[in-house]
Amino acid sequence: MISAAEALKDFQKITPKTIPLVEPFSKGHRACQGCGEVLALRMVAKAVGMDMIAVSATGCMEIISSSYQTAWETPWIHVAFENAAAVASGVEAGRKALIRKGKIKDTGAKIVAFAGDGATADIGLQALSGALERGHDFTYICLDNEAYMNTGIQRSSSTPYGAMTTTSPPGPLSKGQMTWKKNMPMIAAAHNVPYVATASPAWHVDLMNKVKKAVTIPGPAYIHIYSPCPTGWRCGPETSIEAARLAVQTKVFPLFEVIDGQFILSREIKKPKPVEEYLKGQRRFSHLKPEDVAYIQKRVDADYERLLKLVQVTNPEA
Amino acid sequence: MGRRVGLEVSLACAEVVGLCNADVVAAYPITPQTHIVEHLSEMVADGHLDAEFVPVESEHSAMSCCVGSSAAGARTFTSTSSQGLALMHEILFIAASLRLPIVMAVANRSLSGPISIWNDHSDIMAERDIGWIQTFAENGQEVVDLTMHAFKVAEDKRVCLPVAVNLDGFILTHVIEPIEMPDKAEVEAYLPGFEPSQSLDPANPISMGIVGMPEIYTEAKKANAVALEESYSVIKEHWEGLAKQFGRTYKPIETYRTEDADTVFVTMGSLGETTMTAVDQMREDGIKVGQVRIRLWRPFPVDDFMEAIAGAKTLIVIDRALSPGLPAGPVATELRGMMYAKGAKQYVANFVCGLGGRDVTRAQFVEMYHSAQKAAASGAEMSCQMVGVKE
Ligand SMILES: Cc1ncc(C[n+]2csc(CCOP(=O)(O)OP(=O)(O)O)c2C)c(N)n1
Ligand code: SF4
């Protein structure tokens, strides 16, 4: 199989002027106002185009897009909560066999799996790991809103430290979520897949280009998209994109790519904003004390430093 | 023309999946199913079968992968047992509800705990209500024929449902039997290529697996149940086709020496062959027994069954699984319910035997017969008895 770098040799970037007009994910969905997941999903779909086969995990995006009227203009399948990657494996294997046997034409259709952070980092991690390891040609998109939103805001292993959810309530004995956010993009990268990236709907052109790269490169690709959820984060629907932007500017959610094992920062944060600024916009963090904020700041800085080192180590010439 | 070969039944099963030209095989090992997918992996590696072999990381993903590949329009096979079937449980319902013609061989095995790799029917009895067509093979030849038939029925546009072919673990999977293996041309004549009625195709987009709001959920379920019921005539039709093509006949319910039998043993799976020898022996002793074998378990052939037991006074229903908390095993419970609805008057005695690989001997059939006669004479309702328990 050709390397990711080779596959991207003639890559034509999407620019603000060439953003695709197609809407594979269109009208008829029922997401909350300001939903970051659905914004990201629409961008992903635009970047992939109409020759897409979408596989959805159970969760907000599946429920809001398929009750009463489907919002999918391309083929779409939902099976269960934890198996989007396994279903996508099957779709890919099935098409591969049929194309080889001349039973269907190879139109270059892209198989894209969508799942929330719960479906990805918790219950679906095994299926995802298996599919990445087996090398199926598909793109897996994790829409990370940092909790189980579809069942009413329960914590996941992707919920950030200190956040209030209905199963990580703050109290005299609790600060809210007591564990640090699981580093899912690094787990994906550890599978040595050709392409891993993080993305944010606040940088929509960057997001779309990453998706376009992911589907261009043969083999499995993983994209982790930070997706604010006003309903679960307890913030105004008009602040979603602002929250997504702040997460990057405070180094809470750095944007990077891992191409053939090489880490590349999409945006170096030279003058970071304080984490506090990010936290104070969301009521899920409103119970945190200054010492908690200081602790979060310290760990965020340390994580970012580690990422910079990985960039240096894997890109010695850059 | 086919040829007669001596073959381990698991390998024969894999061979026939190859003759059926499966496009995708999803595989996860579990004893006693493993030889089936191992042999399929060899066939793919050797170029004897042009299929994608997907060595998934669990049975949950095996069935999920099958759903994906079948939805993509590919002829799809997998196989499992016991804990593996239990792990698939969630997705089995979805495969049926999406009307996907997946074929699965279930090498029947007991469920933990205690952990046991040996045969009984607890795995499949826990999956009675998944909406799949389910058949039971009695010997290696039936495994081969029922597997071809499974693809034929599953993919029939009037059916579009997944099919499970049950074969007893070890007792069938690991024995070498003489088998009439059909040749490729014969199988192709019986089973042409799969033409899905709908698939995940960007040129013709559809949404599969949408939310079932309360307004439509009941109707969707009813449609599924009706499809399963209506598959009955298609199943029979394709057995007739099989008889024409290969000269071997199959019926939903088989009978043996029932014409003048007072008492009939009701069995499923490979125990049927032991039962026949027990019936022969008891007949020699002048006892008027016969045997009724259930080959088609879902959809249950109610009328065929009622016809088969019409002449008998007493039924001895043999269960190979427990239904803890009920006075009868799963098969007897179902049959009693059905017979009550039909106003049948036969006495139903129920025994559980052969759990977790325990041998069932001919002597035990005689014991069961005498206990059943005694209970029937007393007229009192008989709770399920476990045979051969060491006290
Ligand atoms: C096996 C199983 N367990 C639990 C559920 C209930 N459930 C459905 S969606 C969901 C949470 C989804 O959370 P996430 O994946 O983060 O997606 P989001 O809804 O936040 O987009 C849960 C717990 C289920 N459908 N299946
Ligand atoms: S709960 Fe959150 S993720 Fe779900 S639809 Fe609403 S805003 Fe979007």
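## Pockets, cavity and ligand site

In the largest pocket, at least two lining residues come from each of the following elements: helix H3 (60–66) of chain A, and, from chain B, helix H3 (59–71), helix H4 (82–97), helix H6 (140–155), strand S9 (207–208) and helix H8 (214–246). The model is a predicted one, and the volumes and distances given below are computed from it.

Among the elements around the largest pocket, H8(B) makes the greatest contribution to the lining, with 6 residues. The volume of the largest pocket is about 830 Å³, and of the 36 residues that line it, B:Ile94, B:Ser97, B:Leu98, B:Gly209 and B:Ile210 are the closest to its centre. Sorted by class, the lining of the largest pocket comprises 20 nonpolar, 10 polar and 6 charged residues.

The second largest pocket holds about 540 Å³ of space. Its lining consists of 28 residues, and those nearest its centre are A:Trp180, A:Lys181, A:Val252, A:Pro254 and A:Asp303. Four elements of chain A, namely helix H7 (184–189), strand S8 (221–226), helix H11 (275–280) and helix H12 (290–314), each provide at least two residues of the lining of the second largest pocket, and H12(A) gives the most, with 7 residues. By class, the lining of the second largest pocket divides into 18 nonpolar, 3 polar and 7 charged residues.

The largest cavity has a volume of about 40 Å³, and the residues that line it are B:Phe136, B:Glu138, B:Glu142, B:Thr267, B:Met268, B:Gly269, B:Arg293, B:Ile294 and B:Arg295. Strand S11 (263–268) and strand S12 (289–294) of chain B each contribute at least two residues to the lining of the largest cavity. In terms of domains, this lining takes at least three residues from domain 1 (3–246) of chain B and at least three from domain 2 (253–386) of chain B. The lining of the largest cavity has 3 nonpolar, 2 polar and 4 charged residues.

Where does ligand 1 lie? Ligand 1 is placed between chains A and B, and 18 residues surround it, the closest being A:Glu37, A:Cys60, A:Gly118, A:Ala119 and A:Asn145. Three of these residues have an atom at a listed distance from an oxygen atom of ligand 1, as the table sets out.

| Residue | Atom of the residue | Distance to an oxygen atom of ligand 1 |
|---|---|---|
| A:Glu37 | polar side-chain atom | 2.9 Å |
| A:Gly118 | backbone N or O atom | 2.9 Å |
| A:Asn145 | polar side-chain atom | 2.9 Å |

Taken alone, ligand 1 exposes 590 Å², of which the protein buries 77%. Within the shell around ligand 1, helix H5 (residues 117–122) of chain A supplies the largest share, with 3 residues. By class, this shell has 7 nonpolar, 7 polar and 4 charged residues.

Notes
Residues are numbered from 1 along each chain as its sequence is written. Chains are lettered from A and ligands numbered from 1 in the order in which they are written. This is a predicted model: local features need pLDDT of at least 70, side-chain atom pairs count only at pLDDT 80 or more; totals for chains, interfaces and linings use all residues. Side-chain values use heavy atoms; hydrogens and water are left out. A residue is near a molecule or strand if one of its heavy atoms lies within 4 Å of it. A polar contact is a pair of N or O atoms within 3.5 Å; within protein, one must be able to donate a hydrogen and the other to accept it, and residues adjacent in sequence count only if both atoms are side-chain atoms. Accessible areas come from the Shrake-Rupley method with a 1.4 Å probe; for residues, only the protein chains shown count as cover. Ala, Val, Leu, Ile, Met, Phe, Trp, Tyr, Cys and Pro count as nonpolar, Asp, Glu, Lys and Arg as charged, and the others, Gly among them, as polar. On a 1 Å grid over the protein atoms alone, a cavity is a set of points where a 1.4 Å probe fits but cannot get out, and a pocket is an open set with protein on both sides within 12 Å along at least five of seven lines; lining residues have an atom within 4 Å of a point. Grid points are joined across faces, edges and corners, and a volume is the space filled by probe spheres set on the points. Domain bounds come from an automatic or database domain assignment.
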